[in-house]
Amino acid sequence: MNAATRYVAPTGLDPVMNRIFNWLPKLGISVAGSRLLAVRGRKSGEWRTTMVNLLVDETGTSYLVAPRGHTQWVRNLRVAGEGELRLGRKAQPFSATEVADADKVPVLRLYLEKWGWEVGRFFDGVTKDASDAELAAIAPGFPVFRIA
């Protein structure tokens, strides 16, 4: 699979589980930092939502990582450049900057440290203990956005 177009579609029970887990942030429940990401559709202009894991590093910088690859929310965020992170009735507007592949290694490692138990299946055996070279090799297939 080409890393620049890598996308892992939901299979089996994923669509059902996604619907259930998308309700939690709507109800104000965050599971390990989860939020409901809202981004305007690049063609429709309508709000599109999906649950994401908000990653905050030791410096307080926030990131969104796409473990399934170049998803619709990634494509929409690239065009919109901004969105909202929602939890219950609270909506935090943000602007997004895509992180260059060369700068993703520490972010991907931290993401796997925090959520490897949940998203590890999308990383094809690469874990938080992988070498920098291994993480750099997969970086193009995992879009990362710095949010402010």
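Leu 13, Val 16, Met 17, Ile 20 and Phe 21 form a nonpolar patch on the surface, together exposing about 440 Å² of accessible area (Shrake-Rupley method, 1.4 Å probe, with only the protein chains shown as cover). A patch takes residues with over 30% relative accessible area and no salt bridge, nonpolar side chains being joined within 5 Å; a salt bridge is a Lys or Arg side-chain nitrogen within 4 Å of an Asp or Glu carboxyl oxygen. The model is predicted: local features need pLDDT of at least 70, side-chain atom pairs count only at pLDDT 80 or more, and totals for chains, interfaces and linings use all residues. Numbering starts from 1 along each chain as its sequence is written, and side-chain values use heavy atoms, without hydrogens and water.

**Helix α1**
- Phe 21 lies in helix α1, residues 14–26 (helices are DSSP runs of H or I, at least four residues; strands are E, at least two).
- Phe 21 is partly exposed at 34% relative accessible area (buried is under 20%, exposed over 50%, partly exposed in between).

**Helix α2**
- Trp 73, Val 74, Asn 76 and Leu 77 are buried in helix α2, residues 72–80.
- The buried residues of α2 fall within an arc of 165° seen down its axis, so they line one face of the helix (directions run from the axis to the C-beta atoms).
- These buried residues pack against strands including β1 (34–40), β2 (47–56) and β4 (82–87).

**Glu 84**
- Glu 84 sits in strand β4 and counts as buried at 18% relative accessibility.
- Beyond neighbours within four places in sequence, Glu 84 contacts residues including Leu 36, Trp 47 and Phe 94 (heavy atoms within 4.5 Å).

Note on methods: Buried means under 20% relative accessible area, exposed over 50%, partly exposed in between (1.4 Å probe, protein chains only). Patches are made of residues with over 30% relative accessible area and no salt bridge: like charges are joined within 9 Å, nonpolar side chains (Val, Leu, Ile, Met, Phe, Trp, Tyr) within 5 Å.
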